[in-house]
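Me: Before I plan anything around this protein, I would like to go through its model with you, one question at a time.

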Amino acid sequence: MLTISNICHLTAINNRKFAAQSPWKDLTLLHSEVTEMSDTLREQDKGVLPRVDDHCPNFNNEVIEGADIIIRTLGYLLKRGYTEQNIAGAITAKLQFNYSRQDHVKEATAADLIESLGGVGGL
Ligand SMILES: [Mg+2]
């Protein structure tokens, strides 16, 4: 079964440039995606309406840059040898920690949140 992280991994390993580049270069490119997403917000702060993405015209640029961040992050972690289970477990652990913090807590608990998402599983 294909999952989001499998798709990202397959995309990444089929890209020779990505497969050969060093991890710090991967992180540099991830950072550039964050900058691109930030640029979309800066444009909106100036009153510019969200732009349609040049390459994916069914979506605005902000959500496509968010997708780039997720794709690059998952591709990086999978390339570094972490499994989907490692990543899902780390996300779950971090959500649980975040929801244990008083400044993050509203009414839901981490268990409620995770349960509402269908439990711990693939991404
Ligand atoms: Mg981008």
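Me: How many helices and how many strands does the protein have?
Reply: This is a predicted model, and its elements, taken from the N terminus on, run α-α-α-α-α-α. The count for the protein is therefore six helices and zero strands.

Me: Which residues coordinate the magnesium ion?
Reply: The donor residues follow the spacing E-x2-E-x28-E-x2-D in sequence. Glutamate 36 in helix H3 (residues 23–45) and glutamate 65 in helix H4 (residues 61–79) are 29 residues apart, and this pair links distant parts of the chain. The coordinating atoms lie at 2.1 to 2.2 Å from the ion, and they are supplied by Glu33 (OE), Glu36 (OE), Glu65 (OE) and Asp68 (OD).

Me: Is glutamate 65 buried or exposed?
Reply: The cut-off for buried is under 20% relative accessible area, with exposed meaning over 50% and partly exposed in between. Glutamate 36, at 34% relative accessibility, therefore counts as partly exposed. Glutamate 65 has a relative accessible area of 7%, so glutamate 65 is buried.

Me: Against which helices do the buried residues of H3 pack?
Reply: The buried residues in H3 are Asp26, Leu30, Glu33 and Thr40, and one of them, Glu33, also coordinates the magnesium ion. These buried residues of H3 pack against helix H2 (16–20) and H4.

Me: What distance separates the end C-alpha atoms of H3?
Reply: H3 has 23 residues, and at 1.5 Å a residue they should span 33 Å. The distance between the end C-alpha atoms agrees with that expectation, because it is 33 Å.

Me: With which residues is proline 50 in contact, leaving aside its neighbours within four places in sequence?
Reply: Proline 50 lies in the loop between H3 and H4, and at 42% relative accessibility it counts as partly exposed. Proline 50 and threonine 40 are ten residues apart in sequence, and their C-alpha atoms are 7.1 Å apart in space. With neighbours within four places left aside, the contacts of proline 50 are Gln44 and Asn60.

Me: Which residue has a side-chain oxygen that reaches the backbone nitrogen of glutamate 62 at the start of H4?
Reply: H4 has 19 residues and reaches 26 Å from its first C-alpha to its last, close to the 27 Å expected at 1.5 Å a residue. At the start of this helix, a side-chain oxygen comes to within 2.9 Å of the backbone nitrogen of glutamate 62, and the residue that supplies the oxygen is asparagine 60.

Me: How far apart in space are leucine 74 and isoleucine 7, C-alpha to C-alpha?
Reply: Leucine 74 lies in helix H4, and at 7% relative accessibility it counts as buried. Other buried residues of H4 include Ile64, Ile69 and Leu78. In sequence, leucine 74 and isoleucine 7 are 67 residues apart, whereas in space their C-alpha atoms are separated by 9.5 Å.

Conventions: Residues are numbered from 1 along each chain as its sequence is written. This is a predicted model: local features need pLDDT of at least 70, side-chain atom pairs count only at pLDDT 80 or more; totals for chains, interfaces and linings use all residues. Side-chain values use heavy atoms; hydrogens and water are left out. Donors are N, O and S atoms within 2.8 Å of the metal (3.2 Å for Na, K and Ca); water is not among the atoms, so sites may look incomplete. Helices (H or I, at least four residues) and strands (E, at least two) are DSSP runs, numbered from the N terminus. Buried means under 20% relative accessible area, exposed over 50%, partly exposed in between (1.4 Å probe, protein chains only). The expected span of a helix is 1.5 Å times one less than its number of residues. A polar contact is a pair of N or O atoms within 3.5 Å; within protein, one must be able to donate a hydrogen and the other to accept it, and residues adjacent in sequence count only if both atoms are side-chain atoms. Contact means heavy atoms within 4.5 Å.
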